[in-house]
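Open the model in your viewer and keep the selection tool ready. The tour goes stop by stop.

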Amino acid sequence: YTSYLVRRDRATSFDTILDTYGVREGLSKEYIGVKYPTIGKQTSDNVKFIADDFSTIEKTIYSEEPAVFSTYDRYIDVNTFVDYFLINEYFGNYDAGEHSTYMYKNSGDKLKIGPVWDFDQAMNNSSLHEADPSTIAMQDRAFLAQLSQYTVFVDKLKKRYSEMRASYLNDDYIFSVIDETTTYLAEAREREW
């Protein structure tokens, strides 16, 4: 066993790109690159373990057999996938799920997704696509597309969204954070001058 951190993104020369089931079968648009262990600490054995382990998860999530697919919660930490889905959807981070998408697994644990990352094209800041607030996008992303077809996962999304709208995603809370940040930045600028 080995703990690992991987990133779903475009293939790069500075990551070890895994040969996984999802890539071989054309089920994933992007590649899985190993970020940890770092290249200097990678061995053929731990890279093989990560590729095999990740492939097992992919085979479960991409399975068309309900009996196999329904075991996905044995392999992934569902709550992290729910939170990842909701935060990226809320902020219109349509790059998420396919690019700059980090996942990690501690030895003997379940695969977790996160942290949320790379919001440069979020909140309608993309030069490529206009955000459409009347639609959602995360249900079309790798892994999340399959999970979104399962009522149990969708029910978890609904429940967690209600919880988050009552706290961190509450309009008043968000505007207070914006106001505090704006005030802090204005005061910091004044101190610099």
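**Stop 1: the largest cavity**

The lining of the largest cavity comprises six nonpolar, two polar and one charged residues. Here Ala, Val, Leu, Ile, Met, Phe, Trp, Tyr, Cys and Pro count as nonpolar, Asp, Glu, Lys and Arg as charged, and the others, Gly among them, as polar. This is a predicted model: local features need pLDDT of at least 70, side-chain atom pairs count only at pLDDT 80 or more, and totals for chains, interfaces and linings use all residues. Residues are numbered from 1 along each chain as its sequence is written, and side-chain values use heavy atoms, with hydrogens and water left out.

Select Arg8, Phe81, Gly97, Thr101, Met103, Ile113, Ala142, Phe143 and Leu144 to show the lining. A cavity is a set of points on a 1 Å grid over the protein atoms alone where a 1.4 Å probe fits but cannot get out; lining residues have an atom within 4 Å of a point. The space inside is about 30 Å³. Searching the whole structure gives one cavity of 30 Å³ or more. Grid points are joined across faces, edges and corners, and a volume is the space filled by probe spheres set on the points.

**Stop 2: helix H4**

Next, select residues 78–90, helix H4. Helices (H or I, at least four residues) and strands (E, at least two) are DSSP runs, numbered from the N terminus. Of the 13 residues in H4, 10 are buried. Buried means under 20% relative accessible area with a 1.4 Å probe, protein chains only. Among them are Phe81, Tyr84 and Phe85. Now show strand S4 (101–105), strand S5 (112–113), helix H5 (144–147) and helix H6 (151–165), which are included in the cover over the buried residues of H4. Just past the helix, Gly92 has a positive phi of about 60 degrees.

**Stop 3: Asp95**

Move on to the loop between H4 and S4, where Asp95 sits. Is Asp95 buried or exposed? It counts as buried, because its relative accessibility is 13%. Its side chain makes a polar contact of 3.0 Å with that of His99. Such a contact is a pair of N or O atoms within 3.5 Å, one able to donate a hydrogen and the other to accept it; residues adjacent in sequence count only if both atoms are side-chain atoms. Beyond four places in sequence, Asp95 touches Asp118 and Gln121, with contact meaning heavy atoms within 4.5 Å.

**Stop 4: Ser55**

Finish in helix H2 (residues 44–61), at Ser55. Ser55 is buried at 5% relative accessible area. A polar atom of its side chain lies 2.9 Å from the backbone nitrogen of Tyr21. The backbone oxygen of Ala51 is 2.8 Å from a polar atom of the Ser55 side chain.

Methods:
The expected span of a helix is 1.5 Å times one less than its number of residues. Buried means under 20% relative accessible area, exposed over 50%, partly exposed in between (1.4 Å probe, protein chains only). On a 1 Å grid over the protein atoms alone, a cavity is a set of points where a 1.4 Å probe fits but cannot get out, and a pocket is an open set with protein on both sides within 12 Å along at least five of seven lines; lining residues have an atom within 4 Å of a point.
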